[in-house]
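Here is a short note for someone opening this structure for the first time.

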Amino acid sequence: MGLSTRFTELLGVQHPIALAPMGGSAGGALAAAVSRGGGLGMLGSANGDQEWLARELPLIAEAGGKPWGIGFLTWQIDADAIERALEHRPRAVMLSFGDPSPFAERIRASGTVLIIQVTDLEEAGQAVDLGADVIVAQGTESGGHGARQGRSTLPFVPVVVDLAAPVPVLAAGGIADGRGVAAALALGAAGALVGTRFQATTEALVDPSTAKAIVEGHGEDTERNRVLDIARGSRWPSKYTARTLGHRYLDLWRGRETELAADPRARQDYQQDVAQGEIPSLPMWAGEAVDLITDLPSAADLVAAMAARAEDALNRAGRL
């Protein structure tokens with residue numbers, strides 16, 4: 001059985017659950033496991049690095065022919081990255097964080113489902129105008145990058161649902177179990193995009209210390225900031241900050257971003273600490289729902305469990 005929505009019908013998946021294409025953790029094995037479990041697995045290609053794709057794309061075969069997708073950080077890519085991705089015939093391509101207009105027409109012309117993630121109403125309006133087949137409404141509870149001055153998932157999702165209708169909307173941010181999926185559906189969304197929960201699975205490309213920190217973490221341990229992007233020399237646009245678990249450099253430089261940006265020695269120290277194993281190579285991205293994550297299951301099993309709990313929650317609420 002499954003919860004049928006406009007999203008599941010469009011993508012040909014069993015459950016209204018999609019893997020957030022998280023750079024650094026959503027590799028081929030994780031995407032394949034989510035698709036095999038009945039959701040939409042998406043590779044986190046970020047900037048479309050050819051070597052990374054060459055390593056991870058073959059693992060999509062483990063999805064057993066089920067639909068899968070690939071996600072990009074729009075501010076990092078060029079048209080060639082889209083062309084290379086389309087050669088592999090994904091069912092969907094997702095664009096996040098930046099102007100999707102240079103790439104939208106090419107994706108749609110290929111017959112590939114175009115998914116655009118938005119963090120505010122201006123971005124949502126643009127996504128509708130560009131003909132997005134699916135829109136992801138990301139609230140600020142999400143782990144990793146999101147709007148510096150965004151809205152929480154609960155009030156943001158229904159506004160985007162109303163603005164985008166009849167385009168199906170996925171809710172994102174603070175969703176880590178089936179109850180969150182049920183809440184997304186109750187808000188009018190056609191499903192949920194889930195990130196942090198899938199980082200704590202056996203297939204995720206994360207350091208074991210990161211997975212352990214997520215399992216042991218609490219929502220109040222997370223913080224949205226630009227400090228770590230500045231310290232590691234990342235070129236992320238300033239309108240997007242990142243929610244992470246605690247970090248030594250965050251404690252050192254919190255509230256001193258301008259000073260940090262002007263201090264090349266501090267950035268050198270950061271890289272040296274990474275090289276010596278003093279700090280993880282990537283910040284520990286984690287959303288506010290991290291308290292709900294207490295184990296490290298297979299992603300395929302997790303999708304089925306989340307879907308079953310969502311259905312049960314909706315039944316209990318009299319929604320089915």
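1. The model is a predicted one. In it, the lining of the largest pocket is made up of 21 nonpolar, 21 polar and 4 charged residues. The space in this pocket is about 850 Å³. Its lining numbers 46 residues, and those closest to the pocket centre are Pro21, Met22, Gly23, Leu73 and His145.

2. At least two lining residues each come from strands E2 (41-46), E3 (68-73), E4 (92-96), E7 (144-147) and E9 (191-194), and from helix H9 (196-199).

3. Among the residues lining the largest cavity are Thr74, Phe97, Ile116, Glu123 and Tyr240. By class, this lining has 6 nonpolar, 5 polar and 1 charged residues.

4. Which elements supply at least two residues each to the lining of the largest cavity? They are E4, strand E5 (113-118) and helix H6 (121-129). E5 gives the largest share, with 3 residues.

5. The last point is a helix pair. Helix H2 (residues 28-36) and helix H15 (residues 299-316) have axes that come within 7 Å and cross at roughly 40°. The crossing of H2 past H15 is right-handed. On the H2 side, Leu30, Ala33, Val34 and Arg36 make the contact, and on the H15 side Ala299, Ala300 and Val303 do. This contact has 6 nonpolar residues, no polar ones and 1 charged.

Conventions. Residues are numbered from 1 along each chain as its sequence is written. This is a predicted model: local features need pLDDT of at least 70, side-chain atom pairs count only at pLDDT 80 or more; totals for chains, interfaces and linings use all residues. Side-chain values use heavy atoms; hydrogens and water are left out. Axes are lines fitted to C-alpha atoms, for helices over the stretch in contact, and angles run from 0 to 180 degrees between N-to-C directions. Helices (H or I, at least four residues) and strands (E, at least two) are DSSP runs, numbered from the N terminus. A crossing is left-handed if the near helix is turned anticlockwise from the far one by less than a right angle, and right-handed if clockwise. Contact means heavy atoms within 4.5 Å. Ala, Val, Leu, Ile, Met, Phe, Trp, Tyr, Cys and Pro count as nonpolar, Asp, Glu, Lys and Arg as charged, and the others, Gly among them, as polar. On a 1 Å grid over the protein atoms alone, a cavity is a set of points where a 1.4 Å probe fits but cannot get out, and a pocket is an open set with protein on both sides within 12 Å along at least five of seven lines; lining residues have an atom within 4 Å of a point. Grid points are joined across faces, edges and corners, and a volume is the space filled by probe spheres set on the points.
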